[in-house]
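Take a look at the sequence and the 3D model below.

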Amino acid sequence: MVRRQTPAPLDALDRRLINALQDGFPLVEAPYRAVAERLCIDEAEVLDRLRRLLDEGVLTRFGPMFQVERMGGRFMLAALSAPEASFDAVAEQVNALPEVAHNYRREHALNMWFVLATETEAALAAALARIEADTGLPVYAFPKEQEFFVEMKLQA
């Protein structure tokens with residue numbers, strides 16, 4: 001993924017696509033075709049534009065959001081302090097674990113924050129221990145105490 005320092009050029013159709021996808025994804029046999037029909041374009045163009053928006057870093061993620069706890073799983077925010085000289089290498093180690101849902105760089109002593117999602121409490125503990133073993137860095141776990149839902153839709 002490209003890390004953009006300047007805004008990406010978006011045309012009117014990119015903006016319509018982004019706005020349309022923020023308001024729900026059709027749960028049908030051919031969802032991208034349904035999105036394409038709604039936007040009066042073809043399915044291949046929807047897929048090409050999504051791929052480009054992801055590759056250019058306009059979108060950082062495109063996929064479903066699940067309430068993992070409602071399915072019996074565990075979800076946790078964690079952080080570590082990665083040395084600046086090896087930040088990218090540490091990020092690769094952290095992101096290599098399938099339990100890591102996403103990872104964010106922060107301007108803070110704890111400069112790498114990531115979310116872990118697992119099926120069990122034991123798997124969560126194992127993932128945290130593996131990150132510490134792989135990176136040689138202490139990981140700080142921040143279990144969720146209370147959940148708040150903030151729906152945020154950005155008009156592109």
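## Helices α2 and α3

Y32, R33, V35 and A36 of α2 touch E43, V46, L47 and L50 of α3. Sorted by class, this contact of α2 with α3 holds six nonpolar residues, two charged ones and no polar ones. Keep in mind that the model is predicted.

How do the two helices cross? The axes of α2 and α3 come within 8 Å and cross at roughly 100°. Angles of 65 to 115 degrees count as roughly perpendicular, so α2 and α3 are roughly perpendicular to each other.

## The chain as a whole

Now step back. The protein chain has five helices and four strands. Along the sequence, their order is α-α-α-β-α-β-β-α-β. The C-alpha trace spans about 50 × 40 × 25 Å along its principal axes.

The protein chain has 156 residues, and 31% of them count as buried. What about contacts between residues at least 6 apart in sequence? Of these, 62% join residues at least 24 apart.

## Helix α1 against α3

Two packed helices are described by the angle between their axes and the distance between the axes. Helix α1 covers residues 12-21, and helix α3 covers residues 43-55. Their axes are 11 Å apart, and the packing angle is about 90°. That makes α1 roughly perpendicular to α3.

Which residues meet here? From α1 come L13, D14, L17, I18 and L21. From α3 come E45, V46, R49, L50, R52 and L53. The contact of α1 with α3 has seven nonpolar residues, four charged ones and no polar ones.

## Helix α1 against α2

Helix α2 covers residues 31-39. It packs against α1 at an angle of about 125°, with the axes 11 Å apart. Roughly perpendicular ends at 115 degrees, and roughly antiparallel begins over 145. The pair α1 and α2 is therefore oblique. The crossing of α1 past α2 is right-handed.

On the α1 side, the contact is made by R16, L17, A20 and L21. On the α2 side, V35, R38 and L39 take part. By class, the contact of α1 with α2 has five nonpolar residues, two charged ones and no polar ones.

R16 is found in helix α1. Is R16 buried, partly exposed or exposed? Its relative accessible area is 41%, so R16 is partly exposed.

The side chain of R16 reaches the backbone oxygen of L39 at 3.0 Å. R16 and L39 are 23 residues apart along the chain. Their C-alpha atoms are separated by 7.6 Å.

C40 lies in the loop between α2 and α3. Most residues other than glycine have a negative phi. Phi of C40 is near 60°, a positive value in a residue other than glycine. Residues over 50% relative accessible area count as exposed. C40 has 71%, so C40 counts as exposed.

## N111, in a loop

Where does N111 lie? N111 lies in the loop between β2, residues 100-105, and β3, residues 112-118. Buried means under 20% relative accessible area. N111 has 8%, so N111 counts as buried.

The side chain of N111 reaches the backbone nitrogen of A82 at 2.8 Å. Leaving out residues up to four places away in sequence, N111 touches L80, S81, A82, E84, F87, Y104, R105 and R106.

## T135, in helix α5

T135 lies in helix α5, which covers residues 121-135. Is T135 buried or exposed? T135 counts as buried because its relative accessibility is 16%.

Which backbone atoms does the side chain of T135 reach? One is the backbone oxygen of I131, at 2.7 Å. Another is the backbone nitrogen of L137, at 3.1 Å. Leaving out residues up to four places away in sequence, T135 touches V90, Q93 and V94.

Methods:
Residues are numbered from 1 along each chain as its sequence is written. This is a predicted model: local features need pLDDT of at least 70, side-chain atom pairs count only at pLDDT 80 or more; totals for chains, interfaces and linings use all residues. Side-chain values use heavy atoms; hydrogens and water are left out. Axes are lines fitted to C-alpha atoms, for helices over the stretch in contact, and angles run from 0 to 180 degrees between N-to-C directions. Angles under 35 degrees count as roughly parallel, over 145 as roughly antiparallel, 65 to 115 as roughly perpendicular and the rest as oblique. Contact means heavy atoms within 4.5 Å. Ala, Val, Leu, Ile, Met, Phe, Trp, Tyr, Cys and Pro count as nonpolar, Asp, Glu, Lys and Arg as charged, and the others, Gly among them, as polar. Buried means under 20% relative accessible area, exposed over 50%, partly exposed in between (1.4 Å probe, protein chains only). A polar contact is a pair of N or O atoms within 3.5 Å; within protein, one must be able to donate a hydrogen and the other to accept it, and residues adjacent in sequence count only if both atoms are side-chain atoms. A crossing is left-handed if the near helix is turned anticlockwise from the far one by less than a right angle, and right-handed if clockwise.
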